[in-house]
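Subject: Structure handover

Hello,

Here is the structure I promised to pass on. Please open it and keep it beside this email as you read.

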Amino acid sequence: MDAINHEDRFEEKLTAGEFIEPKDWMPEIYRKHLIRQISQHAHSEVVGMLPEGNWITRAPSLRAKLVLLAKVQDEGGHGLYLYTAAESLGISRDELLDNLLTGKAKYSSIFNYPTLTWADIGAIGWLVDGAAIMNQVMLQRTSYGPYSRAMIRICKEESFHQRQGYEIMMRMAFGAPEQKAMAQDAMNRWWYPTLMMFGPPDRESPNSENAIKWRIKRETNDQLRQRFVNQTVRQAEYLGLTIPDAKLKWNEEKQGYDFSEPDWVEFKSVIQGNGPCNRDRLAARNKAHKEGAWVREAAAEYSKKTAAVNAA
Ligand code: 3HC
């Protein structure tokens, strides 16, 4: 089949809502777009383990520790699914990890903020995983087969993540006044960084046009952000927590809340590496990678040996 037919076939599959699979012909620019997005998604999962991992040894009860441990382990597994999906596009794991460890690749800005109190762990589960779910449920319908299948798998676990965070926030919001104050403080600090997770406003999103055209994204950054706000306001009201936005107001006409946008100057600064924890996160990932070298060598040696035995 020549390139012109390949293009037609690619477009036909997209229009028919069929998956593009690793062995299918795809435009180089589509492949590169997917590697960029899927790898940064994977990096986000792995770096996201750090702020929460900080609190495993300080969880207020054995149950809370077990639940948080399970959640952090899940995030590592999500990273694995996504690195594997990225590798199906022809990039090696080593190159993917090198892009993260050298700071060449992005990961979600949200993980460059510190987790100062136990309420932050509740806010991350409730707000951050809540935002991630909103985005990832949409990505279950993405046009690239391996990415969609990874999303379906991941979304099953994300709802547990959000529930565990909301449970922490309920315990604190309905607890002692000091606990409620701690929950409100976490709400204040995590609200706008969470809104940034959906990406810059559509008017400033260089990748969204292609992402929508190629059905990688099925909704835009602003549409998902709006849906997240509409859903979260009611949850905050139930907790008796105040969303730190004086502009927040129900708009009957648009059937959604009017709300203040995050500080996009702060957003740009954080994704350029100047957030409160960027340096710590990258240092922690590089340290873990260095300390894990022996595991990778042993696994490589083992697979070489078993391959030799199987070949004999
Ligand atoms: N943090 C860091 N970088 C961001 C960002 C964020 N919150 N939002 C956007 N960016 C970057 C984009 O990567 C892009 O830079 P690049 O071209 O160098 O990659 C630039 O800002 C412009 O943004 P666009 O909107 O044009 O880019 P996209 O079309 O890629 O949209 C996105 C950004 C919505 C994050 C999209 O990439 C996406 O949906 N990614 C998959 C979901 C994801 O990565 N989620 C991260 C959180 S995962 C998580 O939270 C784990 C959970 O278990 C806790």
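One caution before the details. This is a predicted model.

**The core**

Start with the largest nonpolar core. It holds 78 residues. Six of them touch the most other members: Tyr30, Ile38, Trp118, Trp126, Tyr144 and Trp190. Which helix gives the most to this core? Helix 6, residues 118-139, does, with 13 residues.

Now pick out Trp118. Set aside its neighbours within four places in sequence. Trp118 is then in contact with Trp55, Ala59, Pro60, Ala64, Leu68, Ile168 and Met172.

The crossing is right-handed. From helix 6, the residues that meet helix 10 are Trp126, Leu127, Gly130, Ala131, Met134, Asn135 and Met138. Helix 10 answers with Leu224, Arg227, Phe228, Gln231, Thr232, Gln235, Ala236 and Leu239. Sorted by class, this contact has 9 nonpolar, 5 polar and 1 charged residues.

Next, find helix 4 (residues 62-87) and helix 5 (residues 93-101). Their axes come within 9 Å and cross at roughly 115°. The crossing of helix 4 and helix 5 is right-handed. Helix 4 supplies Leu80, Tyr83, Thr84, Ala86 and Glu87 to the contact. Helix 5 supplies Arg93, Leu96, Leu97 and Leu100. By class, that makes 6 nonpolar, 1 polar and 2 charged residues.

**Salt bridges**

How many salt bridges does the whole structure have? The search finds 23. Here are three of them.

Lys13 and Asp24 meet through their side chains, at 3.4 Å from N to O. Lys13 sits in helix 1 (residues 3-15), and Asp24 sits in the loop between helix 1 and helix 2 (28-47), so the pair ties together parts that are 11 residues apart in sequence. Is Lys13 buried or exposed? Lys13 is buried, because its relative accessible area is 13% and the cut-off for buried is under 20%. Asp24 is partly exposed, at 24% relative accessibility. Both residues also belong to a network of salt bridges that links Arg9, Glu12, Lys13, Glu18 and Asp24.

Glu21 pairs with Arg149 in a salt bridge, with the closest N and O atoms 2.7 Å apart. What does this pair tie together? Glu21 lies in the loop between helix 1 and helix 2, while Arg149 lies in helix 7 (residues 145-173), so the bridge joins parts that are 128 residues apart in sequence. Glu21 is partly exposed, with a relative accessible area of 24%. Arg149 is partly exposed too, at 42%.

Glu301 is partly exposed, with a relative accessible area of 37%.

Best wishes

How values were computed
Residues numbered from 1 in each chain as written. Predicted model: local features only at pLDDT ≥ 70, side-chain atom pairs only at ≥ 80, totals over all residues. Heavy atoms only, no water. Axes fitted to C-alpha atoms, helices over the stretch in contact; angles between N-to-C directions. Helix = DSSP H or I, 4+ residues; strand = E, 2+ residues; numbered from the N terminus. Left-handed = near helix turned anticlockwise from the far one by under 90°. Contact = heavy atoms within 4.5 Å. Nonpolar A, V, L, I, M, F, W, Y, C, P; charged D, E, K, R; others polar. Core = buried A, V, L, I, M, F, W, Y, C linked by side-chain atoms within 4.5 Å. Buried < 20%, exposed > 50% of the residue type's maximum accessible area, 1.4 Å probe, protein only. Salt bridge = Lys/Arg side-chain N within 4 Å of Asp/Glu carboxyl O.
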